[in-house]
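Me: I would like to learn how to read the features of a protein model, beginning with a sheet and ending with a chain contact. Please take them one at a time.

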Amino acid sequence: MSNKISLEINGKKCAVDAEKSILDACRDNDIFIPTLCEMEEIDLPYGGCRVCLVEVEGSEGKEITTSCDTPVEEGIKVKTETEEVIAERRAALELLLSEHTGDCVPPCTYECPASLDVQGYIAHIANGRPEAAVKLIKEKTPLAVSLGRACFAPCEDQCRRELAEEPMAIRQLKEYAAEKDLEDPWEPEIHGDTGKEVGIVGGGPAGLTAAYFLRLEGHSVTIYDQMSELGGMMRYGIPNYRLPNDLLAREIDWIMDRGVSAEMETKLGEDFTLEELRREKDSVLLATGAWESWIIPIPGHELEGVMGGTDFLVDHSSGKEMEIGDEVAVIGCGGCAMDTARVAKRLGADVTVVYRRTEEQAPAPEAEIEEAKEEGIEFKFLLSPEEITGEERVDGITCAKMELGEPDESGRAKPVKIEGETELISCDTVLMSIGESPEAELLETEGVELEDSTIKNYGKYRTNYEDVFAAGDTSIGPSSIAESTGQGREAAYAVNAYLNGEIDDYEPPEDFRTPFGYVHRDEKTTEDFADEEELPRVEMPRRDPEKRIKNFEPIEHGYSDEEAVAEAKRCLECGCLDRYECELREYSDRYDARQDYYEGERFEREIDDSHPRVERDPNKCILCGSCVRTSEEVHGEGELQFVNRGFSTKVAPPFEQPLGESESELIGDLADSCPTGALEEVLEGEKPGPFEPSKTIETRCLGCGLTCPATVEVNQGRPIRLVPAENGTYGGHLCDKGKFTSLAGWQDRINHIVFRNKNGWKKRGWDTVVRALEERKVDVVLGRATTMEEGKLLRKLARTTGGDITAISPREYRSTLGLEELRGAEALYVEDGVYKISPVFKAILKQALDGGATLTNDPDELPDPGGVGLFAPRSENPTERRIVASPEANGNGLTQLGLSESLGGGEVLLLWDQVACRELEADTYETIIWFGHMGEDLPNGVDGLVPIRSWLEKEGRIVNSLGETIELTPGLDSELRKNAELLRDLIDSLKSRTPATGRGM
Amino acid sequence: MKENIEIKVGYASCGIAAGAAEIYGALKREIKENNYRVSPKKVGCVGMCHKEPLMELELPDGTRFTYGNLEEDDVSKILVNHIHKNRSYGDKLIPGKSDYDYFTKQKKVVLRNSGVIDPEEIDEYLERDGYTALEEALEVDGSEIIQLIKDSKLRGRGGAGFPTGVKWSFARASDSDQKYLICNADEGDPGAFMDRSLIEGDPHALLEGMIIAAHAIGADKGYIYCRAEYPLALERLNIAIGQARSEGFLGEDILGSGFSFDIEISKGAGAFVCGEETALMNSIEGERGMPSPRPPYPAQKGLFGQPTNINNVETLANVPWIVRNGAEEYREIGTENSGGTKVFALAGKIERGGLVEVPIGTSLEEIIFDIGNGIEGDKDFKAVQLGGPSGGCLPESQLDTPVDYETLTDAGAIMGSGGMIVMGEDDCMVDVAKYFLDFTQEESCGKCTFCRVGTKRMLEILERITDGEGEREDLEKLRQLAPKIERNSLCGLGQTAPNPVLTTLRYFEDEYLEHIENDSCPAGVCRHLITYKITDGCIGCTTCSEECPVDAIEGEKGSRHVIDQEECIKCGTCMEVCPVDAVEVV
């Protein structure tokens, strides 16, 4: 029994082994300590990151010290989260952040007021999964269609693709995915009813969004809206040609179908009072918007023909008879002004937009100005209306000519009058589109405190009433759909916290948005993208301007699948692929580390993307040494090492050789050891995400007979990557073969039977399969992940038809020893080729050698007992005490089935599961049918593909290289029937068919 | 009595750099050409760097004459004077040791042979009682030696001052078949050359100390980790090891005692951090020289995983003396807590720089003013930096501090390995702090966050300040970050790196504030903060205004010119071209 030491951790007494570090002692007692460089596998602490600091009070007083390299001592008192400890940890993290360069999230996502994961949904679209894209969007907003059609898309302003040629069409991609989803909408999970009732005043973007998220929490929600239809300014402010009413209605219906109710044409202050609503409901959210147009009080503003732009739009959308002149002047150049001008144009007027600043300074999105110009709208910049002229009705505007002066508070150059210079604009209607405000008087009458004409914010979306919250325009002033929906979501969470009695402790869920390094466009320049292949933006088809000004029909036609994928592929993937795994980010978040606290020099080192699946970004390296130690002390390969000294110290491959040229088959393992995105695993598929794992499956890697314990990360039903299982026995590592090929083909996998004809692959029924096999001698080749149960059934199938059965390399020898003997070996012999089959044996062998084993060159010299020989299959002379490495997961097991060495003269070849053979001797067989889980990209000669359940979906046993029997656990659901059922059915069918009575398809 | 005149030429790296090889060549030539009965001899460092190259002449009757600052021509004149005229020669003669307080205030224990014997001749070492301590030591048990060393109060001369005897007892207590003894000769402080001189002057003292230490702790293999930039030291060590082996002091069954021990030299590539014990061991093992956390301590699990004892050159070179003369005599030299002497490399703006050895407890003032004769050029003393980049700068008010481990630490500096850099009124203390921090920053192994990034961020603040872009909050930031680096760095390099900044902030804050608030560098060092001014001495010759590249100087011919400070780019052209030195830096 080992010597125990008693100590106190955070006031709790505990006893731990004498040789433990304080870090281990804390972990044993489930106390969290952050660390970026500690590796459980390597005994000696590294002591590099200095984040694992704790306070230790011992005989020599109190001190703050690293816990990884401080051994426990009798009677010490450890405190892990004192203020000082946290301050020191924060300092360590801040220093690391000060040299950590890259984008944690991409600029598009950083800029999104609705906090959408832009890079994520674009990646899903690029990978052909619009349904996954929509789900990702709808985690943050129910208004996917509205945003897709009418968002002002600040993301696109930040898109770095512009530095290569043009920004991504982010809004249109969202539109594509969202409208596809309308056909068969995704169904979110709704919590059980809480019995709490919330009243929401206003059914615009903020109100609808809040209603949706509150409903998902299980509350009962009613919206009160003054208009006859829901949607607020989305319905009444944005014209149909931009956001079609029918699409909006379908989107709103989908929200209401979650169980939200609404009372229409019910106006606060007229039909009910806030007081009444508060009595009735557990909480109230004010989202009444901003409906009052601003009118500039210049001389003549009260003349007939002068109107607020918003009033004009609302009247038009409400179906009111519109009286509009022939010459319309629109004042202002924001989004609303563009809508106003374009509606007026469609009503038949000649339209001039008058703006006192320049086009570059205009708040309207560039694209909307462009479209307005296409439609024949005239723009006059640097003109400031001074006076509206006319007798009763307007006949013109006198404008002062302006020029740009010094920058104002907004940072934009301020327009100043050119003395004495004016311009007269002739018009009979003036539409002022310069802004809107909430109905202040009304709110004040209801007892709501205001500040600068919006509702006074008491923090956490609260108002002066503790049960009343506010969001959207009424709270922050005129805002976009994206801002309002973001507000609505966050306000919903605040209301929810209030309803749960947690509002005092509630912190709005703020995404970790710290951009590390070069987020701003002025820091990245076109030079940075000079080598980027030019991919022009895939323009979404639109109606011709001449046609579109004739009516209010939608102007965008939408992307086809191909266009959407092509556009999505243009994404440069600026955001870090390790966003969801990065420990630096996790801890920085936890301890509020400020990224720019210690400002100073940063390196901009070249990114090495030479390896197909691992990208090395030295700018994100924090020099924790995990990869270097893994490479030296675990693999013994030395793929990476430290170079230079001081601040210039970096990690690099020997002689700066690109990672892609390394012969190591454990590069992915280095990426797994990296706590940041300095070594990023690039996921399978066109775009690697990043995708947040929604689920994990604890299973085995079936890449070879070692069957290393592995965790499969799943995102929205699809496995995205393999990582070594947390408490993995064996080496605790995965080789590149296992890690990078196990999920290959998942992307294109097809779930129906196909057969080839001269025009390519055609969908076929089960009968076709049976007919192709009946009355034929069927030879079977078993793939690497064939289970014992499948093997037996397939043996039966082959024998039923008089055929033969084999595996790609049938085993001659089975292992006689297991992992325990290997780890505890005194002497070892390793035959050539073993590491090639199972590279992870290197790590296990290293453990045995570190434990005192010796290596011998002659298997006959191995002591008995104590010696272990490691052999490749078909070894000439394996010893009795042996482990046989098999390239197939079930290699050892399949040997037990008594397979043939080679195949006889069958007529049909049946390949089962992942047969690691891409070149088949097609000539000798009439027909080759592959039973597997893959796409249509199959070798020539294969005539049919029958989808079967994969290793992540099937049950069964396998016997691995170490002689262990492993039960597979199906972690993923499958629509396919079980493999055993399919085989039994097939055997029965083949048995029951009487010999040849005519065939035919 | 000797028959010949013996002439010793200081032939250590310092002497060679000053021209000793030429002097020695001239000497040989003179002897040969004139058939003089003179025995020339190369010896190690005499200690008077400020007088190099040096030559000491010893007449058959024992009288000695030392000549310094020699040039080749002087050699024949000295020989002619002594041999033919029986008199000394002119002003190159240095006063005799007994009446030259450069020496009177010193006490040579470790350096007793340096500059006296030919380091390449073991016989000369033997003549001066060499290896008698070893003979004595081999007769007693290792534990007795350790007790003797404990009693002597010898403390580690590498800087930390850990009691050597105690350290040895840890290594002795570790149970293992294989133990190592390492001599740390990776002297890396800028301006420090104690260990190099010691090895070059008396390599056998080190070897003898190592063998005794190995016997005491039970080590059978020793390494001397010496930087490759010390070729002469390495050469002399190699010679000495060969000689010691052939004399039976090294190798199997030393002097028939049954004790075996041998020494290997391991060359370092000059990384400062390799002076740190764990980094040094990693380096010997062929790994990157990076420190590792302790525990495990070297005494338990050191080189190649075996118990290891590491001592600095000077520490080990003290050992034979202690064995020969006893602990009490040694203890009497030093202070209550620390026995013996300490060797310092006295450098910087000092009138008489060199290698000095003083009893521990001697005051800074005695060293700098009595031995070193104050600041060169009759300028004012400003500060003294002790302990190299890990140490601190002490001002005039601290000059009465006795050099001892505790007193120096209290004052904000450290004893260190013996670097002592003296600064005068022309030195800018912010610039000095920046210099040392720049050194440690570049020499950081890069492993731990606080050292790698923290020192860099401190350095950047200092750079801002010397560039005139500093702000008052920067001092707060320095004061806030520095203790974090000290507390949280993995090894001594990082833990001490902020010292120069902290001590200069402590004693010379006003100088920092001058930079920050008045954009001026009082010492006139920081280029961005210098202002050029034309004085009353201007004769109005117009040269400066003609040469000024930015036309920043105006003035009528014949009258005083003025520099437009807004326009001035501080290139210094005006100062260079002024015929009457009427341009000054403020």
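**Strands, helices and an interface**

Reply: Strand β30 (residues 754–757) of chain A pairs with β31(A) in the antiparallel sense, over 4 bridges. Strands are DSSP runs of E with at least two residues, helices are runs of H or I with at least four, and both are numbered from the N terminus; two strands pair if DSSP finds at least two bridges between them. Within this pair, A:Arg756 stands opposite A:Trp761 of β31(A).
This is a predicted model, in which local features need pLDDT of at least 70 and side-chain atom pairs count only at pLDDT 80 or more, while totals for chains, interfaces and linings use all residues. Residues are numbered from 1 along each chain as its sequence is written, chains are lettered from A and ligands numbered from 1 in the order in which they are written, and side-chain values use heavy atoms, with hydrogens and water left out.

Me: What is the strand order of the open sheet of 7 strands in chain A?

Reply: The order is β31-β30-β40-β39-β38-β32-β33, with mixed pairing. Because β31 (760–763) and β33 (805–807) of chain A stand at the edges with a single partner strand each, one side of each is left without a neighbour in the sheet. From one strand to the next, the twist averages 20°.

Me: Which helix of chain A packs on the sheet?

Reply: Contact means heavy atoms within 4.5 Å. Helix α32 (residues 979–992) of chain A touches β38 (908–912), β39 (927–932) and β40 (944–947), and its direction makes about 165° with that of β38(A). Such angles run from 0 to 180 degrees between N-to-C directions, with axes fitted to C-alpha atoms, for helices over the stretch in contact.

Me: How many residues does each chain give to the contact of chain B and chain A?

Reply: Chain B gives 34 residues and chain A gives 34 residues. Buried area is the accessible area (1.4 Å probe) that two parts lose on being put together, summed over both. Here the chains bury about 2,800 Å² between them, 53% of it on carbon and sulfur atoms. B:Arg288, B:Arg452 and B:Arg457 supply 21% of the area that chain B buries against chain A, more than any other three residues.

Me: How many salt bridges are there between chain B and chain A?

Reply: A salt bridge is a side-chain nitrogen of Lys or Arg within 4 Å of a carboxyl oxygen of Asp or Glu. The count is 4, and one of them joins A:Glu88 to B:Arg487 (3.0 Å, N to O).
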